[in-house]
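This report goes through one protein model, starting with a single residue and ending with contacts between side chains. Please look at the sequence and the structure before reading on.

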Amino acid sequence: MSDTLYDVEVFQGNNYFLAKIIAHKSKEKPIREYRTDTLEELLENIAKDILEENE
């Protein structure tokens, strides 16, 4: 059985995309939010955040 490391919720507004990331094992920044104009940029920010945290 595996543990959940992150919960990621993505929302679309009228002119923006919003992501809420909950990092279950992070003590420094357990909850983060990103807001961008494009979905591509939002996904890049999420991936970069997770990769940096796990280096």
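Why does aspartate 49 count as buried? The model is a predicted one, and in it aspartate 49 has a relative accessibility of 4%. Buried means under 20% relative accessible area, so aspartate 49 counts as buried. This residue is found in helix α1. Leaving aside residues up to four places away in sequence, aspartate 49 touches Lys29, Arg32 and Tyr34.

Glutamate 41 also lies in helix α1. Its relative accessibility is 37%, so glutamate 41 counts as partly exposed. The table sets out the two residues.

| Residue | Relative accessibility | Class |
|---|---|---|
| Aspartate 49 | 4% | buried |
| Glutamate 41 | 37% | partly exposed |

Glutamate 41 and phenylalanine 17 are 24 residues apart along the chain, and 9.1 Å separates their C-alpha atoms.

**The sheet and the helix**

In what order do the three strands form the open sheet? The order is β1-β2-β3, and the pairing is antiparallel. Strands β1 (6-12) and β3 (31-36) are the edge strands, since each of them pairs on one side only. From one strand to the next, the twist averages 15°. Helix α1, residues 39-53, packs on this sheet and touches β1, β2 and β3. The direction of helix α1 makes about 150° with that of β3.

Strand β2 covers residues 17-23 and runs antiparallel to β1, to which seven bridges join it.

In soluble globular proteins, nonpolar side chains tend to be buried together. In this model, the largest nonpolar core has seven residues: Tyr6, Phe17, Ala19, Ile21, Ala23, Leu42 and Ile46. Strand β2 gives the most, with four residues. Isoleucine 46, one of the core residues, touches Val8, Ala19 and Ile21 when residues up to four places away in sequence are not counted.

**Rings and charges**

How many aromatic pairs are there? The count comes to zero, where a pair needs ring centres within 6.5 Å. A ring does take part in another kind of arrangement: the charged end of arginine 35 sits over the ring of tyrosine 16. The distance from that charged end to the centre of the ring is 3.6 Å.

Terms used:
Residues numbered from 1 in each chain as written. Predicted model: local features only at pLDDT ≥ 70, side-chain atom pairs only at ≥ 80, totals over all residues. Heavy atoms only, no water. Pairing = 2+ DSSP bridges. Helix = DSSP H or I, 4+ residues; strand = E, 2+ residues; numbered from the N terminus. Axes fitted to C-alpha atoms, helices over the stretch in contact; angles between N-to-C directions. Contact = heavy atoms within 4.5 Å. Buried < 20%, exposed > 50% of the residue type's maximum accessible area, 1.4 Å probe, protein only. Core = buried A, V, L, I, M, F, W, Y, C linked by side-chain atoms within 4.5 Å. Phe/Tyr/Trp six-rings, centres within 6.5 Å; stacked < 30°, edge-to-face > 60°. Lys NZ or Arg CZ within 6 Å of the ring centre and 35° of its normal.
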